[in-house]
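Hi everyone, thanks for making the time.

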Amino acid sequence: MNRAMYAVMKKDFRGIISNRRLFLELLIVPLILTIVLPSIFVVAIHFAPDDPDILKMLELLPQGSRTGGVEMAVTGLILNYILPVFFLMIPIMTASIMAASSFVGEKEKHTLETLLYCPLSVKQIFQAKVLASFLFSMMVALISFAAMMIVLEMEAIFIMDMLIVPAAGWIVILCLLSPSISLITVTLIVRGSAKAQSVEESQQGAVFLIVPLILLVAGQFAGVMLLNVWILLGLGVLCALLAWVLLQKAVGRFTYEMLLK
């Protein structure tokens, strides 16, 4: 990556961070999903461990995972089986906002012509836009994970007098699956942003990526399928291959004519 690509990425980062309202919205939604909702579950488990709904959730766990009492088992269920799905949604939500405005935002601000005069090929500009949105989405995901673990550990210590240990599946999620889904999202939306006439039109593609994850969340709560480390690893490899193929095809087909339509 040369200095010109770095300058394009830096400009995109500044565009998001300088818009405080948008930047706060990008952080607030993930933090609600990863801090507020889990905290509600932890408090409910502690003060109503015999609640029928909580006991029903406990039945979803494999027999080998039901150790350490009801509080420990259900907390582990939430941390290691329910919350991981949210970390597949967060990259899509955050990447879609930044990626959607990548090229269409340049058109609306009348800065596209200036961007095309920079000492980069159109394919390098595309790669810089994709990389900026990808890094931003992963930054939000990692911040959300760190905040979630700090809050949950504090709540577990003060409320339940115990420590929560994340499962090995979190390594797969944060290092493989979440980045792959983020890259798929960014590639599709940035490419669509080049053709779109408005940010709203560009963001429409993200809806189709969210729907399968919503169904996956519903399946988790219903106990249809619990995501273990092997399922996560398999999904991660498939998504990584798909992300690589989509990126290669998108870069190969990206032209000046596509931008100037």
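Let's begin with the span of residues 164–190: its end C-alpha atoms lie 38 Å apart, and the span is 81% helix and 0% strand. Before I go further, please keep in mind that this is a predicted model.

Where does that span come from? An unreviewed UniProt entry lists residues 164–190 under "transmembrane region", along with 21–48, 130–152, 202–223 and 229–247. Take 130–152 from that list: here the chain is 100% helix and 0% strand, with 33 Å between the end C-alpha atoms.

Now to the packing. As you know, two packed helices are described by the angle between their axes and the distance between the axes. So which numbers do we get for helix H2 and H7? For H2, residues 20–47, and H7, the axes come within 10 Å and cross at roughly 25 degrees. Angles under 35 degrees count as roughly parallel, so H2 is roughly parallel to H7. The crossing of H2 past H7 is right-handed. As for the residues in this contact, 18 are nonpolar, four are polar and one is charged.

H7 has another partner I'd like to show you. Helix H7, residues 122–160, and helix H10, residues 229–253, have axes that come within 9 Å and cross at roughly 140 degrees. Roughly antiparallel would need an angle over 145, and H7 and H10 are therefore oblique to each other. This crossing, too, is right-handed.

Who makes the contact? From H7 we have Lys123, Phe126, Gln127 and Val130, and from H10 we have Leu247, Ala250, Val251 and Gly252. Sorted by class, the contact of H7 with H10 holds five nonpolar residues, two polar ones and one charged one.

Last stop, the aromatic rings. How many aromatic pairs does a search of the whole structure find? It finds three. I'll zoom in on Phe87 and Trp170: their ring centres are 5.1 Å apart and their planes sit at 90 degrees, so this pair is edge-to-face. Phe87 belongs to helix H4, residues 69–100, while Trp170 belongs to helix H8, residues 169–195.

Technical notes: Residues are numbered from 1 along each chain as its sequence is written. This is a predicted model: local features need pLDDT of at least 70, side-chain atom pairs count only at pLDDT 80 or more; totals for chains, interfaces and linings use all residues. Side-chain values use heavy atoms; hydrogens and water are left out. UniProt positions are given in the numbering used here, feature names are shortened, and annotations may be inferred rather than shown by experiment. Helices (H or I, at least four residues) and strands (E, at least two) are DSSP runs, numbered from the N terminus. Axes are lines fitted to C-alpha atoms, for helices over the stretch in contact, and angles run from 0 to 180 degrees between N-to-C directions. Angles under 35 degrees count as roughly parallel, over 145 as roughly antiparallel, 65 to 115 as roughly perpendicular and the rest as oblique. A crossing is left-handed if the near helix is turned anticlockwise from the far one by less than a right angle, and right-handed if clockwise. Contact means heavy atoms within 4.5 Å. Ala, Val, Leu, Ile, Met, Phe, Trp, Tyr, Cys and Pro count as nonpolar, Asp, Glu, Lys and Arg as charged, and the others, Gly among them, as polar. Rings of Phe, Tyr and Trp (its six-membered ring) pair if their centres lie within 6.5 Å; planes under 30 degrees apart count as stacked, over 60 as edge-to-face and the rest as tilted.
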